[in-house]
Amino acid sequence: TTTTRAAEAAAATLEGGEQAISFPSGLAAVAGALLPFVSAGDHLLVADNIYLPARRFCDDILKRYGVETQYFDPLLGSEVRNLFRPETKAIYFESPGSQSFEVMDVPTVCSVAHDNSVMTIMDNTWSAGFYFKPFDHGVDVVVQAATKYFSGHADAMLGFVISDKKYGAAIKTTAIRFGTCAGPDVCYMGLRGL
């Protein structure tokens, strides 16, 4: 809807990305950021301090579909390169992390990942897209659990996946295929919160 597109445009602008896709919750946005980019046989690196439901998604759903998730110390910095394998497709992380609030060296991790043809996906919920700009530091895809600061009134579930056009088409196609979209009333509430 027009309201959905307005909310997506606002999220993209706030995060500094080219486009945003809305999802019915933050966890749906996490799934919407990971599913387009991993397949059976792939290896996914995930920071050990991520949002617990995101970890469960990796351990339950992605595992069932043949994706191996390996957790790593979020303070590894450039040493994360030692965990890469030929089948490593992406690194997923938060900074600060939900469980124990370590702050990662995002530019270094992104640089090492890109040097090894590994994409980076960051949950940027803690900054609300305001205090930290992941795209300025090399992140490829950003997740925003807009249930938190965007909606802020404890009355809406909403999430966004923000990217450039290179990754956006795959994210949008996956969202359409799964039928995951945020309703226009919820998008309005997210805009109200913003």
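This is a predicted model: local features need pLDDT of at least 70, side-chain atom pairs count only at pLDDT 80 or more; totals for chains, interfaces and linings use all residues.
**View 1. Seven strands form an open sheet.** Read across the sheet, the order of the strands is β1-β7-β6-β5-β4-β2-β3, and their pairing is mixed. The edges are taken by β1 (19-23) and β3 (68-72); each has a single partner strand, so one side of each is left without a neighbour in the sheet. On average, neighbouring strands of this sheet are turned by 20° against each other, direction ignored.

**View 2. Strands β6 and β7 pair in the antiparallel sense.** Residues 141-144 make up β6 and residues 159-163 make up β7, with four bridges between the two strands. Opposite V141 stands S163 of β7. In general, the strands of a sheet pair through backbone hydrogen bonds, in either a parallel or an antiparallel way.

**View 3. Helix α5 lies across β1, β5, β6 and β7.** Helix α5 is made of residues 165-178. Its direction is at about 20° to that of β1.

**View 4. The largest pocket holds about 160 Å³ of space.** Its lining consists of 13 residues, and T4, E8, S22, K172 and C181 are those nearest the pocket centre. At least two residues of the lining come from each of α1 (2-15), β1 and α5. By residue class, the lining of the largest pocket has five nonpolar, five polar and three charged residues.

How values were computed. Residues are numbered from 1 along each chain as its sequence is written. Side-chain values use heavy atoms; hydrogens and water are left out. Two strands pair if DSSP finds at least two bridges between them. Axes are lines fitted to C-alpha atoms, for helices over the stretch in contact, and angles run from 0 to 180 degrees between N-to-C directions. Contact means heavy atoms within 4.5 Å. On a 1 Å grid over the protein atoms alone, a cavity is a set of points where a 1.4 Å probe fits but cannot get out, and a pocket is an open set with protein on both sides within 12 Å along at least five of seven lines; lining residues have an atom within 4 Å of a point. Grid points are joined across faces, edges and corners, and a volume is the space filled by probe spheres set on the points. Ala, Val, Leu, Ile, Met, Phe, Trp, Tyr, Cys and Pro count as nonpolar, Asp, Glu, Lys and Arg as charged, and the others, Gly among them, as polar.
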